[in-house]
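Morning, everyone. Let me put the model up, and then I'll walk you through it.

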Amino acid sequence: MIPTQFDYLAPTTVEEALAALAEHGDDAKIMAGGQSLLPVLRMRLNAPELVIDLGRIEALRGVRDDGDAVVIGAMTPHAAVGKDPLLAEHAALIPKAVEHLADAQIRHRGTFGGALAHADPAGDLGAPALALGAQFVIAGRGGTRTVAADDFFVDLFETAIGEDEILTEVRIPKHTGWGAHYEKFVRVAHQWPIVAVAAAVRVEGGTIAEARVGLTNMGNTPLRARAVEEALVGQPASEDAVRAAAARAADGTSPPSDLNGDADYRRHLATVVTRRAVLAAAGA
Amino acid sequence: MTATQERPAAEIGRDRRRKEDQRLITGRTRWTDNIVLPGMLHLAMVRSPFAHARITAIDTSAAKQATNVVGVFTGADFGESLGVNINAWPITPDQVAPVHSPMPTDRVAFAGEVVAVVVARSAAEARDAAELVDVDYDELPAALDLKAAAADEVLAHPDLGTNKSALWRFDSAEAGTGGNVDEAIAKARTDGIVIEREYRQQRLIPAFMEPRSVVVDPTGEQLTMWSATQIPHILRFALAATTGVPESKIRVIAPDVGGGFGGKLQTTPEEWIAWAVARRLGKPVKYTETRSESLLSGHHGRDQWQKLTLSAEKDGTVTGFKVELLADLGAYVSLVGGGVPVLGAFMFNAIYKFPAYQFNCQTVLTNKTWTDAYRGAGRPEATFAIERMMTELAAELGVDPLEIREKNWITHEEFPFTTVAGLEYDSGNYEAATARAKELFGYDELRAEQRRRREAGDTVQLGIGVSTFTEMCGLAPSRVLGQLDYGAGGWEHASVRMTATGKVEVAVGVSPHGQGHETAFSQIVADRLGVPFEDVEILHGDTQISHKGLDTYGSRSLVVGGEAVVRAADKVIEKARPIAAHLLEASVDDLEFAGGRFTVRGTDQGVGIGELATAVFTAHNLPDGVEPSLDSDATFDPVNFNYPHGTHLCAMEVDTETGQVRMRKYTCVDDIGNIINPLIVSGQVHGGLVQGIAQALWEEAVYDDAGTLVSGSFVDYLLPTAADTISFEIDHTTSPATTNTLGTKGVGEAGTIASTPAVVNAVVDAVRHLGVDDITMPCTPERVWRAINAAGSGGTTEGAAMPHFEAGGAAGNQETPGASSTQGGLQ
């Protein structure tokens with residue numbers, strides 16, 4: 001478990017990091033919290049010549065209120081996201097997903113932006129970010145651009161972040177007053193989810209007015225369960241109505257098969273876990 | 001026969017915190033990898049990525065030119081001086097076994113086998129250069145599936161002509177210990193009940209915390225090897241026997257060792273390679289494996305198919321039990337090898353009075369990692385089989401699973417009892433342990449809840465699993481081992497030395513790797529000699545200090561090694577007695593020894609053992625003809641195995657919608673005789689339970705169709721943590737062993753042996769009303785769900801890992817500049 005030798009750079013500004021990335025191109029690798037990159041290096045599955053550590057860029061840390069959105073700095077550790085009061089009030093789905101992410105050590109080292117940029121389809125943050133319609137702010141040498149969640153996740157471990165770009169912050173549109181729940185199905189506590197479902201619903205007088213449902217590990221990217229969302233709107237927040245809507249959770253998905261379950265089993269799980277997530281979000 | 005023996009004194013029975021824990025937990029101690037010697041070189045292994053392949057060429061030239069590389073060696077560079085890795089237990093005279101070179105030159109037989117070693121000034125440089133070794137392989141078909149391998153469809157070692165290594169058989173009619181099992185089964189087919197099942201014991205990985213590590217120092221008169229091993233004495237013997245170095249020139253040290261669970265009961269290719277390299281270069285070398293290498297190439301455990309036939313009368317009285325095993329040896333016959341399933345041969349009849357019994361075990365070679373002992377070694381497999389079968393018999397008859405056990409078990413009045421497998425159980429009380437377990441568990445209340453949930457058709461169903469177990473441990477009477485063709489004895493040795501200042505040094509031949517021997521043995525010696533606990537120092541693991549011993553495995557350290565300590569301490573007292581009499585000017589017949597002092601009966605005159613140690617050190621005033629030493633040795637060979645037992649009860653909740661399982665309650669009442677340190681016992685029971693539960697629910701070593709270990713990291717080889725377990729309720733009944741002075745029984749493996757069937761029985765019980773009578777281990781949610789929905793046992797595990805750490809994974813924006821080559825790969 002010894003990585004190959006690499007050079008190490010710890011810039012203090014995004015500009016410095018971008019300059020280094022431009023200079024070294026393919027030979028460089030960005031490190032956020034290192035919770036996925038370091039195992040990959042230690043197992044020698046990747047061998048960059050330069051690791052650019054964003055850990056000293058203070059500007060990338062913290063959570064702030066920005067009108068209709070809550071903005072999370074890419075280098076904010078999961079633990080800070082999990083206990084942030086702004087998020088708890090306006091985007092409760094995010095801290096609920098963080099609560100059971102990996103284990104306590106990883107939640108203190110790993111970062112919100114790093115996990116999303118890693119784009120592991122079994123990662124816990126993609127589905128809630130997608131469900132809440134997050135906007136990803138990406139810096140390049142020519143300035144910043146913003147990418148919608150629907151366009152951010154491209155494929156397995158692949159995002160819209162260009163080779164010479166860095167994810168700097170994630171804007172979560174406020175969903176104040178929405179009920180939220182992240183339901184994770186695992187065999188052991190520290191495991192990546194076999195399937196997980198992120199659900200946020202706005203209930204008006206016992207009726208579901210709006211619903212957002214994101215799926216974890218049901219395809220090469222996090223997915224929106226749009227069929228479920230559409231079926232939920234206008235329905236009572238009841239067991240039967242939610243069950244009927246959740247039956248469509250696996251529509252259009254292509255989940256993986258691995259040691260923890262094959263694709264068919266995951267499709268079945270998605271319907272059960274979605275029902276439970278939506279009911280919990282609706283407080284039913 | 002509960003609790004008849006009086007507790008002799010203050011230390012035994014006391015909840016002493018373990019004196020070794022401060023250094024073990026902080027890691028500020030002598031782990032092998034912490035050892036740094038002047039001029040020490042580092043090794044990296046080049047391992048085969050293929051399960052079975054001919055080696056056509058190895059090009060080491062690029063690696064030899066890499067920075068700070070001192071040498072690159074293949075098996076051809078060493079020839080016979082490399083030695084071989086031995087099998088110490090050929091279970092039959094005609095056992096078929098391939099020669100096991102630590103570094104083969106012509107053919108690799110499992111993925112992970114070492115084909116070359118790189119020596120460099122740092123571990124990182126050695127690792128870097130290992131990637132430059134270019135090995136050409138011609139892939140051969142691999143024998144992977146155990147049943148297919150047993151049919152010789154593909155040969156793991158073509159030269160041997162068969163994969164079938166040995167067929168070992170015990171038949172009670174032939175042995176004169178019982179009736180004819182085939183007759184019993186035939187009769188039951190006409191007028192009784194026959195239960196036939198086939199169970200899979202999945203392959204497990206010992207997964208000890210400290211990876212294996214070895215340091216060899218060839219400078220000095222004796223060659224010294226430090227190794228993270230359970231067996232320094234056996235290791236020394238095997239080095240001498242196979243590498244041509246006289247035993248007297250070899251010193252082996254197992255310093256602090258971080259766990260083993262049987263996984264370090266081995267003599268490994270890596271140790272042999274380090275030995276050869278150090279001798280060749282004349283410099284100290286170190287090799288420490290990575291976790292991936294540990295999972296890949298350290299020996300695995302279990303891996304059996306069990307075909308079982310149980311016959312009974314219509315009232316549930318068992319009339320016969322027939323066992324037909326296939327046991328996967330992996331690519332080589334390891335140190336204990338086929339002896340592991342044979343250790344189970346005497347335990348399938350468990351606590352029961354079966355009139356007829358037959359055991360057949362075919363060991364089979366495959367192109368997978370070799371297998372050997374893993375906590376329980378043969379006995380968990382046996383216990384699983386019989387405890388699942390007794391539960392199935394109860395289900396067939398529609399009676400409570402405890403009732404069917406009670407109908408068949410040995411009653412406490414019947415001890416000592418000679419079983420159908422020919423063992424004499426010395427003591428036990430299954431009724432008492434079961435009664436206490438039922439009470440603690442709330443058995444009747446949970447059964448009532450189970451009925452309510454079934455009647456209501458709850459999504460989450462409740463199941464209750466039972467496992468009443470016994471095991472044979474305390475390995476072992478040397479004569480019995482001889483009869484079984486094991487290559488060593490089963491005695492144990494201890495020396496008790498009194499220092500000049502009255503402290504006590506105890507050198508023991510057993511070799512702890514986390515068990516707490518230093519604490520437990522100190523308690524025993526403190527009571528025996530009447531000295532403070534803190535004044536006792538336990539020395540172990542160095543063949544120059546603890547020169548005799550047979551090491552630690554098979555729950556033997558206390559019941560065999562502890563008895564050696566007791567006997568050596570008693571000899572110290574007897575050697576001190578004439579000296580005390582001399583100093584007190586009294587007759588030896590008038591002396592009493594208690595509380596660390598000799599006193600003259602009826603007077604207040606006395607002398608302490610510490611004062612006598614000082615008197616012996618000066619030797620100024622000793623009686624004529626008495627040697628100036630109190631130091632004493634004892635070697636103890638047990639007359640019998642040791643038979644702990646217990647009743648384990650488990651309640652599992654099963655979510656019928658998802659197959660998710662959740663433990664609700666676990667209660668066990670183990671009878672392990674007299675207890676030296678209840679805190680250590682609790683730790684052993686808790687840890688043992690979790691390992692056994694993990695076999696039932698989580699752990700499985702999975703290979704793909706190419707023979708690659710898919711569960712090659714802890715992402716895919718699922719080990720539980722504290723977050724996945726519950727608080728266990730444990731208690732004890734006490735039937736002291738009659739075969740050692742302290743009345744103790746082994747506890748190191750008990751929890752692991754008993755818990756696996758308790759959990760599976762509970763999971764099956766939760767869904768039996770839905771038509772399920774078996775679920776393959778590990779009982780994953782998917783298997784449970786499939787069993788409920790298709791009424792099968794849940795199928796095999798899909799051979800694919802989660803992709804989190806695959807090449808190209810990790811952090812979006814770049815390509816993969818230098819993913820490792822397949823040839824140097826598998827770090």
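Into which domains is chain A divided? There are three: domain 1 covers 7–52, domain 2 covers 60–173 and domain 3 covers 179–281. Keep in mind that this is a predicted model. The centres of domain 1 and domain 3 of chain A are 35 Å apart, taken over C-alpha atoms.

Now chain B. Its domain 1 is made of 38–140, 209–259 and 264–297. Domain 2 takes 165–205, 299–475 and 640–790. Domain 3 is 491–636. Between the centres of domains 1 and 2 of chain B there are 37 Å, again over C-alpha atoms. Those two domains touch: 25 residues of domain 1 contact 29 of domain 2. On the domain 1 side, 14 are nonpolar, eleven are polar and none is charged.

Next, the core. The largest nonpolar core has 352 residues. Val278(A), Val118(B) and Val763(B) touch the most other members. Helix H18(B) gives the most to this core, 13 residues. Take Val278(A). Leaving out residues up to four places away in sequence, its contacts are Ala199(A), Val201(A), Ala211(A), Val213(A), Leu232(A), Val242(A) and Ala246(A).

Back to H18(B), residues 557–584. Its axis comes within 10 Å of the axis of H17(B), residues 517–529, and the two cross at roughly 30°. The crossing is right-handed. From H17(B), the residues in contact include Phe521(B), Ile524(B) and Arg528(B). From H18(B), they include Leu558(B), Val565(B) and Asp570(B). By class, that contact has ten nonpolar, three polar and two charged residues.

That's my tour. Over to you.

Technical notes: Residues are numbered from 1 along each chain as its sequence is written. Chains are lettered from A and ligands numbered from 1 in the order in which they are written. This is a predicted model: local features need pLDDT of at least 70, side-chain atom pairs count only at pLDDT 80 or more; totals for chains, interfaces and linings use all residues. Axes are lines fitted to C-alpha atoms, for helices over the stretch in contact, and angles run from 0 to 180 degrees between N-to-C directions. Helices (H or I, at least four residues) and strands (E, at least two) are DSSP runs, numbered from the N terminus. A crossing is left-handed if the near helix is turned anticlockwise from the far one by less than a right angle, and right-handed if clockwise. Two residues are in contact if their C-beta atoms, placed from the backbone, lie within 7 Å. Ala, Val, Leu, Ile, Met, Phe, Trp, Tyr, Cys and Pro count as nonpolar, Asp, Glu, Lys and Arg as charged, and the others, Gly among them, as polar. A nonpolar core is a set of buried Ala, Val, Leu, Ile, Met, Phe, Trp, Tyr and Cys residues joined through C-beta atoms within 7 Å. A residue is buried if 20 or more other C-beta atoms lie within 10 Å of its own, exposed if 12 or fewer, and partly exposed in between; C-beta atoms are placed from the backbone. Domain bounds come from an automatic or database domain assignment.
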